[in-house]
Amino acid sequence: MTKSFPDISIVIPLYNEEQVFPLLLERLDQIIAKSALSIEVILVDDGSKDSTPLMMKKKAMSNAHYHSIFLSRNYGHQIALSAGLNHVNATEAVMVIDGDLQDPPELLDELYAKYQEGFEVVYAVRKKRKESFLKKLSYFLFYRFIKKISKIDLPLDSGDFALMSRRVVDILNSMPEQSRYLRGMRSWVGFKQVGVEYERKERAAGESKYNLKMLFGLAYNGIFNFSEVPIKFLTSIGFVSILVSFSYLVYSIILRVFTNEVPSGFTALLFVIVLFGGVQLISIGIIGEYIIRTFFQVKDRPLFIVDQRVQDQELIVNHTANNKTILTQNELNNQINIINEELDAESKIKPKDQ
Ligand code: UDP
Ligand code: MG
């Protein structure tokens, strides 16, 4: 049994990860068994539609090192992570990893060693990525672009995989922003931060849950939440075009006075009109991005809603934010039986599917 306040929490968001989940548990069990530190694992189900939640429930009910949080629907990776960070009990530090074993959880020791040297944020930097060329190229360009335009120092090639001190996690939890780009927020917090290189593996099983739209969403959040450059850029375009148009006016007047020629060029005129039509629409879009973010922030909705939790082997059903029901031992046993039956039924269905 762990003590209720372990040294380390490991937070893992999961969305339809039934294929990789057993492998993940195996690796985590080994780490927990070997480590001199007391470790808890916070699994967050981000509205999975497969058997991930069932397996999570079963694990957390039978093993006190594991706690599970079940969100009311799919909120996306960043929010699921935030939900996990909100439920940690660690006294020392919190490690964040993906559930697909692309981030080797065994790196905990190395990251923790740096934490002991006094670093409050130890982020993992991808030395190599084993992913498609297009994905690698997009990430490469994106991290360099956002580093250039951002006011704060965002490290290159580092995702959410990191170990943070409890203090930093408490600060992140107190940051109310709705559109979350956690790797940026983590840098914003400050203190002593350091990178540790690692090789990003391929997914151990299953497929990426991030589609192109979600990747763009994340990139947008990074750009618009951490940089004023898009808005400043518009102002610069405005100034440049005024300058160009005045220069042209002076040129035309000089031409008229000294040579009696009138500038012609219908094509050029059309080009400029259409060009600035485009520039203006993009400008409205960029302003819109900031307005949307303000709009959602002002609404002040909760970041996520927890449906159920398994904490210290107890199933807790959240009715509202403060009103929770803890199931009795009898109800709990019933739950475990139901889970076992459902898992059995699933494993019987599986072979026929394939
Ligand atoms: N994930 C999540 N909610 C989502 C999408 C993904 O919790 O809506 C989880 C997913 O289960 C995994 C992690 O976030 O543990 C990273 O996702 P994925 O591996 O699919 O992203 P990629 O590594 O391809 O960028
Ligand atoms: Mg992945």
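**Local backbone, helices and domain arrangement in a predicted model**

Phe191 is placed in the loop between helix H7 (182–189) and S7. The model is predicted. Phe191 is not a glycine, yet its phi is positive, at about 65°. With 13 other C-beta atoms within 10 Å, Phe191 is classed as partly exposed. Asp312 also has a positive phi, of about 50°, although it is not a glycine. This residue sits in the loop between strand S8 (306–311) and strand S9 (314–318). Asp312 has 14 C-beta neighbours inside 10 Å and therefore counts as partly exposed.

Strand S7 itself covers residues 193–200 and contains Gly195. The 18 C-beta neighbours inside 10 Å make Gly195 partly exposed. When residues up to four places away in sequence are left out, Gly195 touches Tyr123, Val125, Pro155 and Ser158. Val168 lies 27 residues from Gly195 along the chain, and the C-alpha atoms of the two are separated by 16 Å.

Helix H1 (residues 21–34) has 14 residues, which at 1.5 Å a residue should span 20 Å; the distance between its end C-alpha atoms is 20 Å, in agreement. Its buried residues are Phe21, Leu24, Leu28, Ile31 and Ile32. These cover an arc of only 95° around the axis, so they lie on the same side of H1. An α-helix has 3.6 residues a turn, so residues three or four places apart point the same way. The cover over the buried residues of H1 includes strand S2 (39–45), helix H2 (52–62) and helix H4 (108–116). On the face of H1 turned away from the buried side are the exposed residues Pro22, Glu26, Gln30, Ala33 and Lys34.

Helix H10 (residues 266–299) consists of 34 residues. From its first C-alpha to its last, H10 reaches 49 Å, close to the 50 Å expected at 1.5 Å a residue. The number of buried residues among the 34 of H10 is zero, so the helix lies largely in the open. Phe276 belongs to H10 and, because it has 13 C-beta neighbours inside 10 Å, counts as partly exposed. Phe276 and Ser241 are 35 residues apart in sequence, with a C-alpha to C-alpha distance of 9.3 Å.

At the level of the whole chain, the protein is divided into domain 1 (8–222 + 302–348) and domain 2 (229–298). Their C-alpha centres lie 46 Å apart. Five residues from domain 1 and five residues from domain 2 take part in the contact. The side of domain 1 that touches domain 2 has, by class, two nonpolar, two polar and one charged residues.

Definitions and conventions. Residues numbered from 1 in each chain as written. Chains lettered and ligands numbered in written order. Predicted model: local features only at pLDDT ≥ 70, side-chain atom pairs only at ≥ 80, totals over all residues. Domains from an automatic or database assignment. Contact = placed C-beta atoms within 7 Å. Nonpolar A, V, L, I, M, F, W, Y, C, P; charged D, E, K, R; others polar. Helix = DSSP H or I, 4+ residues; strand = E, 2+ residues; numbered from the N terminus. Expected span 1.5 Å × (residues − 1). Buried ≥ 20, exposed ≤ 12 C-beta atoms within 10 Å, placed from the backbone. Arc of directions from axis to C-beta.
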